[in-house]
Amino acid sequence: MTSIYDQIGGHPALTAVVDDFYRRVLAEPDLAAYFIRTDISRMKRLQVEFFAAVLGGPIAYTGLPLHRVHHTRGITRDHFERTATHLGDALDAAGVRPDMRARVLTVVAALSGNIVSREPLHRVAV
């Protein structure tokens, strides 16, 4: 069986999706606030690695575990869902088939427990 990673176009497609995804996320001030003092180039590289790994690709994820990266950020359910919507839109813009888009978003939704905080923290607005 072919991996989701391969079915959506492999590394080139995933890189394009991640670039578009961050363009969309960073255009929203309240979402961009989560990325203050973040090296966006590094973040994109790690995001490509992460998605490649969880979608069955040949690339290993070299970042910290999700819960360690996100537990102090105060990410709300609303922000998680809006971010997932941006991912879906980036997948659409890259020409990913609707069935593959749904599979990617299902994988992402299953990870929400490691990303969404129980209580939001106060962030500095940009």
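Let's start inside. The largest nonpolar core has 32 residues. Those with the most contacts inside it are Ile8, Leu14, Phe51, Leu55, Leu87 and Val104. By nonpolar core I mean a set of buried Ala, Val, Leu, Ile, Met, Phe, Trp, Tyr and Cys residues joined through side-chain atoms within 4.5 Å. Buried is under 20% relative accessible area, exposed is over 50%, and partly exposed lies in between, with a 1.4 Å probe and protein chains only.

Which elements give two or more residues to this core? They are α1 (4–7), α2, α4, α6 and α7. The largest share, six residues, comes from α2. In soluble globular proteins, nonpolar side chains tend to be buried together.

Ground rules. This is a predicted model: local features need pLDDT of at least 70, side-chain atom pairs count only at pLDDT 80 or more, and totals for chains, interfaces and linings use all residues. Numbering runs from 1 along each chain as its sequence is written, and side-chain values use heavy atoms, with hydrogens and water left out. Helices are DSSP runs (H or I, at least four residues), numbered from the N terminus, and strands are E runs of at least two.

Now α6, residues 77–93. It has 17 residues and reaches 24 Å from first C-alpha to last. That is close to the expected 24 Å, where expected means 1.5 Å times one less than the number of residues. Its buried residues are His79, Phe80, Ala84, His86, Leu87, Gly88, Ala90 and Leu91. What covers them includes α2 (10–26), α3 (29–32), α4 (40–54) and α7 (98–110).

Take Leu87. What does Leu87 touch, not counting residues up to four places away in sequence? Val17, Phe21, Phe51, Val104, Leu105 and Val108. Contact here is heavy atoms within 4.5 Å. After α6 comes Gly95, with a positive phi near 80°.

Next, α4. This helix has 15 residues and reaches 21 Å, close to the 21 Å expected. Asp39 caps the N-terminal end: a side-chain oxygen lies 3.2 Å from the backbone nitrogen of Ser41. After α4 comes Gly56, its phi positive, near 90°.

Last stop, Ser112, in the segment after α7. Buried or exposed? Ser112 is buried, at 9% relative accessible area. Leaving aside neighbours within four places in sequence, Ser112 contacts Arg77 and Phe80.

Conventions
A polar contact is a pair of N or O atoms within 3.5 Å; within protein, one must be able to donate a hydrogen and the other to accept it, and residues adjacent in sequence count only if both atoms are side-chain atoms.
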